Amino acid sequence: MPSYEELRELLDPATTVLLTVECQNGVVGPESALPELAEEARASGVLARIAQLVTGAHESGVQVVHAIAERRPDGRGASHNARLFRAAERLPVQQLSGTTAVRVAAPIEVADEDLVVRRLHGLSPIAGTDVDPLLRNLGCRALIVTGVSANVAIPNAVFDAVNRGYTTVVPRDAIAGVPSDYTPAMVRSTLALVATITTTDEVLACFKRPRRIT
């Protein structure tokens, strides 16, 4: 893990973006289509820590982007080329555009200046979506990745960000997957090879403490 000074230098508010991945009612809310994942995100404190990071970002001037997965009611443009997509079509809660399922879940607060990017296809919050061009237009250099799931969308986001030249930061206690012991294994064996691994408290400390004037 980086030292505090190294992390603070990396997380310059002017060039840092906080990304929340699929932190929506239909995924991590009380009426989730994926109750096991929702329970893990809530019981572990991950969702609460993401809310803390979002609040800290708002207070420090760090841009927040919320990546939402949804589908049209008629399914047009949706992906069908993997078992995961076909299983999702049969779930009792559907991530349909315009419904409460695709709203950002409490206790995360969405500010007026936040950007919400919705995708209708694929597994990645970044590839094939508006996230990458928005990050470039924002002058992003460091991308903090939070949310769910550590099984699929989080590693997709990290790899895609790294491949596009961003320095990726993952607070290991602000991502969740199932089963619960899978997430630390994913962090240790995969994400740590390509991302800067840290914690929510360390990121918040960087947000709150005034930067050194030279």
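Where does Pro179 lie? Pro179 is in the loop between β6 and α8. Hi everyone, let's begin there. Keep in mind that this is a predicted model. The peptide bond from Val178 to Pro179 is cis, with omega near -5°. Another cis bond joins Ala106 and Pro107, and omega there is about 10°. Pro107 sits in the loop between α5 (83–88) and β3 (115–119).

You can find Glu22 in the loop between β1 and α2. Is Glu22 buried or exposed? Its relative accessible area is 13%, so Glu22 is buried, as the cut-off is under 20%.

Now let's go inside. The largest nonpolar core has 32 residues, and those with the most contacts inside it are Leu11, Leu18 and Ile108. The elements giving two or more residues to this core are α2 (25–28), α3 (35–43), α4 (46–60), β2 (63–69), β4 and α9. Of these, α4 gives the most, with seven residues.

Ala153 takes us to helix α7, residues 153–163. The buried residues of this helix are Ala153, Ile154, Pro155, Ala157, Val158, Asp160 and Ala161. What covers them includes β1 (16–21), β4 (142–148), β5 (167–171), β6 (175–176) and α8 (182–189). A handy reminder here: an α-helix has 3.6 residues a turn, so residues three or four places apart point the same way. Just after α7, Gly165 takes a positive phi of about 95°.

What about the outside? Phe159, Val162, Leu193 and Val194 make a nonpolar surface patch of about 340 Å². Leu193 belongs to the loop between α8 and β7. With a relative accessible area of 69%, Leu193 is exposed, because the cut-off is over 50%.

One last stop: Thr199, in the loop between β7 (196–198) and α9 (200–208). Thr199 counts as buried, at 13% relative accessibility. Its side chain reaches the backbone nitrogen of Glu202 at 3.2 Å. Leaving aside residues up to four places away in sequence, Thr199 touches Pro171, Arg172 and Asp173.

Methods: Residues numbered from 1 in each chain as written. Predicted model: local features only at pLDDT ≥ 70, side-chain atom pairs only at ≥ 80, totals over all residues. Heavy atoms only, no water. Buried < 20%, exposed > 50% of the residue type's maximum accessible area, 1.4 Å probe, protein only. Helix = DSSP H or I, 4+ residues; strand = E, 2+ residues; numbered from the N terminus. Contact = heavy atoms within 4.5 Å. Polar contact = N/O pair within 3.5 Å; in protein donor to acceptor, adjacent residues only side chain to side chain. Patch = residues over 30% accessible without salt bridge, like charges linked within 9 Å, V, L, I, M, F, W, Y side chains within 5 Å. Areas by Shrake-Rupley, 256 points an atom, 1.4 Å probe, with all protein chains shown as cover. Salt bridge = Lys/Arg side-chain N within 4 Å of Asp/Glu carboxyl O. Core = buried A, V, L, I, M, F, W, Y, C linked by side-chain atoms within 4.5 Å.
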